[in-house]
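Reader: I have a new structure to read. Can we go through it in short steps?

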Amino acid sequence: MDSLVAPEEPLRSAGLDQPTMRRLLRAVRDLAACRDVAGVVEVVRVAARNLVDADGATFVLRDGGKCHYVDEDAIEPLWRGQRFPLEACVSGWAMINQEQVVIPDIYDDPRVPYEAYRPTFVKSVCMTPVRSGDRGVAAIGTYWAEPREASVEEQEVLQALADSTAVALENARTLERLEALVAERTADLSASNRDLAAFAHVAAHDLKAPLTTILGRTEIIGLDPAVRANPETADSLAAVERQTLRMSEMIDGVLAYSTAATSELHVEPLDLSSLVEEVLQDVSGIVERAGAEVVVGDLPRADGSRALLERVVQNLVGNAIAYGDRTSPRVTIAGGLVDGRSVLTISDNGRGVPEAERDTIFEMFRRGTASTGLAGSGIGLAFSRRVVERHGGTLEVDDAPGGGARFTVRLPLHCSED
Ligand SMILES: Nc1ncnc2c1ncn2[C@@H]1O[C@H](COP(=O)(O)OP(=O)(O)OP(=O)(O)O)[C@@H](O)[C@H]1O
Ligand SMILES: [Mg+2]
């Protein structure tokens, strides 16, 4: 061989001039930042030619039994995109033997396939293997338009570039494999979420049909004078009706929860003031019955699904009234734009949520101490958090300034910036 640099041999940097050293360092730094193989190819293609002032450079990847000339940077076209058998080209020789090849005159070296070189400008070559473990996985070709022998310094700097390329290639391939795996898992997950939602949908319909029958029958039985005359039977019937209605609501809740994760999200610019106002009209009966006072401050705009976010606000206001002060419930709704996000807080004057329950109450069917003796399914907050997270936001609970619970919704802004 004309020249050989063993991988273990340290770079004798004393022989490199300052600009070359700087260019090599920049290439090494750029390689470290590469996230895919295409990025590595791009850095090496340009850096190799630059570092040794060559007339052309190629990046060759080992692809089974072939050398794949992936890309190049040269004064005239070389072999971009072509594949040659490993045994039939200089890059293959360098990869198989894991040795750098220096050819001062291509017409005077038996390893050169003249036919492939004849149409090109190339007269001399330095081919550097990229070694990973005990294998040549790629090669960096550098070419000149006149016969010349690459100096020891040039060979060294190219081998240093190749060694950094080996690490960058390995990282890029690992990252690409990981990304493919994540994409595959995400696809699996959304498929099983879709299956689950489809199942919930069918189950809900199947379960609701007998409930409708039960409700219809109880109504008819309730009209029977004999039943109405017997208070005990009438009470039992009313209990059946209440429980059936509750079950029907729970089925609706489960259905809403499962579809909140999978159904398409129609995001639109929203004015939270008008959204809250509309929800308050919908729940005006509950507000009146509880004798609750509701104070609404200035609210920001937001981006999201109006239908879903209305249900979130309805759940939070409903909870603030249900778990607020028993005698004079007060609900405070406030908000603003903070760090580029829309923030909405709903606070009450109840006993608040104990520290130990601040995560669990967001789980499906989980209820806390505040709900003791009160009707409910434990679905509202699970649904609400899922909807908010689906928007890329967060829903959390802490203490309201004067006591009571404060629920905070934070939503990213997508549709418009300012
Ligand atoms: N404002 C609040 N103050 C104190 N505790 C609260 C408050 N809001 C919710 N909680 C607690 O969190 C639990 C879960 O609330 P969530 O809204 O999910 O269900 P729920 O109100 O029990 O039933 P539903 O699904 O019918 O709304 C409640 O049972 C209650 O213990
Ligand atoms: Mg609730």
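Author: Start with one residue pair in this predicted model. Val295 faces Thr332, which lies in strand 10.

Reader: In which sense do strand 8 and strand 10 pair?

Author: Strand 10 covers residues 330–338. Four bridges link strand 8 to strand 10. The sense of the pairing is parallel.

Reader: What is the order of the five strands in the open sheet?

Author: The sheet is open, and its pairing is mixed. Neighbouring strands are turned against each other by 15° on average, direction ignored. The order is 8-10-11-13-12.

Reader: At what angle do helix 10 and helix 11 pack?

Author: Packed helices are described by an angle and a distance between their axes. Helix 10 spans residues 306–322, and helix 11 spans residues 380–390. Their axes lie 9 Å apart. The angle is about 145°.

Reader: How many charged residues are in the contact of helix 10 with helix 11?

Author: Helix 10 brings residues including Leu308, Val312 and Asn315. Helix 11 brings others, among them Phe383, Ser384 and Val387. The contact has seven nonpolar and five polar residues.

Reader: Which residues come nearest to ligand 1?

Author: Helix 10 and helix 11 each give at least two residues to the shell around ligand 1. The shell divides into nine nonpolar, 10 polar and two charged residues. Of the 21 residues around ligand 1, the nearest are Arg367, Gly368, Ser371, Gly376 and Gly380.

Definitions and conventions:
Residues numbered from 1 in each chain as written. Chains lettered and ligands numbered in written order. Predicted model: local features only at pLDDT ≥ 70, side-chain atom pairs only at ≥ 80, totals over all residues. Axes fitted to C-alpha atoms, helices over the stretch in contact; angles between N-to-C directions. Contact = placed C-beta atoms within 7 Å. Nonpolar A, V, L, I, M, F, W, Y, C, P; charged D, E, K, R; others polar. Pairing = 2+ DSSP bridges. Near = placed C-beta within 6 Å.
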